Amino acid sequence: MGQLEQTRARCRSLRLTWMAQQLPQLLSEAESNEWSYLQCVDHLVDYELKERDQKRIQRHFRQAHFPMEKRLDDFDYRHQTTITKRQISALLDFNFLDARQNLVFIGPPGVGKTHLAIGLGYKAIEAGYKVLFKTAMALVEELELAEKRGELKKRINLLAKNDLLIIDELGYLPMSRQSRYNLFQLVNSLYEYRSIILTTNKDFTDWGEFFHNDNVAIPIVDRIIHHSHIYMLGGESYRLKEKLTN
Ligand code: ADP
Ligand code: MG
């Protein structure tokens with residue numbers, strides 16, 4: 001084996017896959033641009049880092065389990081006028097994640113709640129955060145299953161590994177008493193520790209009723225809204241608009 005091949009094999013055994021792949025190309029670039037030794041090493045390390053970053057972001061996209069791809073860039077603020085681009089852009093420094101604050105999007109169907117939640121989720125991943133998307137229904141089912149197996153705490157700890165948990169569509173379907181209790185356990189564990197983006201069709205005044213006014217209703221609402229930014233979205237359903245114009 002020649003020197004080059006040997007070096008590339010060593011790179012691979014160190015899992016420096018990008019370096020192994022690009023080494024011949026990089027060496028010839030170094031030569032033609034007359035890079036110093038230090039510059040050459042720096043380029044190698046820099047590209048390897050960027051490549052890993054890219055891979056990590058792709059992995060986090062997969063692990064987030066977004067049900068569809070929605071980007072903030074595709075959000076039309078001329079249609080949705082009850083929230084401004086400025087309000088959403090202000091969130092993109094992700095101070096709300098660092099401060100473990102929540103976002104709550106409240107509004108009727110079709111006004112863009114899920115779109116904004118997923119769009120923010122994508123941006124958060126690109127900024128280096130771990131995100132998980134769950135519909136409220138799937139989350140409740142998952143917690144119920146875990147609880148039956150005596151693994152509720154374990155499941156909650158797993159969910160809490162994410163910086164941001166997106167809970168989509170809370171309030172559409174009724175929940176059993178046990179489910180409300182499980183949800184309370186989750187919200188309590190995440191409180192001041194992780195962030196939640198919640199989308200719901202229920203105004204806070206309806207939450208008591210939704211949670212059957214039992215003893216977990218108020219603590220759940222209280223913990224979610226304590227450190228949170230609340231956005232009330234209104235207007236016409238975008239789906240309806242698309243139907244009418246097509
Ligand atoms: P909600 O979660 O409030 O029910 P969605 O976010 O699912 O509504 O929006 C319904 C559909 O309309 C989605 O395909 C979404 O991408 C699109 N949509 C909603 N509002 C807008 C908007 N302001 N600009 C672009 N697309 C929008
Ligand atoms: Mg939705």
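This is a predicted model: local features need pLDDT of at least 70, side-chain atom pairs count only at pLDDT 80 or more; totals for chains, interfaces and linings use all residues.
**A cavity and a ligand site**

The residues R100, N102, V187, L190, Y191, E192, R194, I196 and R223 form the lining of the largest cavity. The volume of the largest cavity is about 40 Å³, and the count of cavities of 30 Å³ or more comes to one. Sorted by class, the lining of the largest cavity comprises four nonpolar residues, one polar residue and four charged residues.

The description now turns to the ligand. Ligand 1 takes up the space of the largest pocket. Two elements each give two or more residues to the shell around ligand 1, namely α6 (113–126) and α12 (238–245). Of the elements, α6 gives the most to this shell, with three residues. In total, 15 residues surround ligand 1, and the closest are D76, G110, K113, T114 and H115. By class, the shell around ligand 1 is made up of five nonpolar, five polar and five charged residues.

Several atom pairs show how the protein meets ligand 1. From the side chain of K70, a polar atom lies 2.9 Å from an oxygen atom of ligand 1. The backbone also takes part: a backbone N or O atom of G110 is 2.7 Å from an oxygen atom of ligand 1, and a backbone N or O atom of V111 is 3.2 Å from an oxygen atom of ligand 1. Taken alone, ligand 1 exposes 550 Å², and 89% of that is buried by the protein.

Key:
Residues are numbered from 1 along each chain as its sequence is written. Chains are lettered from A and ligands numbered from 1 in the order in which they are written. Side-chain values use heavy atoms; hydrogens and water are left out. On a 1 Å grid over the protein atoms alone, a cavity is a set of points where a 1.4 Å probe fits but cannot get out, and a pocket is an open set with protein on both sides within 12 Å along at least five of seven lines; lining residues have an atom within 4 Å of a point. Grid points are joined across faces, edges and corners, and a volume is the space filled by probe spheres set on the points. Ala, Val, Leu, Ile, Met, Phe, Trp, Tyr, Cys and Pro count as nonpolar, Asp, Glu, Lys and Arg as charged, and the others, Gly among them, as polar. A residue is near a molecule or strand if one of its heavy atoms lies within 4 Å of it. A polar contact is a pair of N or O atoms within 3.5 Å; within protein, one must be able to donate a hydrogen and the other to accept it, and residues adjacent in sequence count only if both atoms are side-chain atoms. Accessible areas come from the Shrake-Rupley method with a 1.4 Å probe; for residues, only the protein chains shown count as cover. A molecule sits in a cavity or pocket if more than half of its atoms lie within 2 Å of its grid points. Helices (H or I, at least four residues) and strands (E, at least two) are DSSP runs, numbered from the N terminus.
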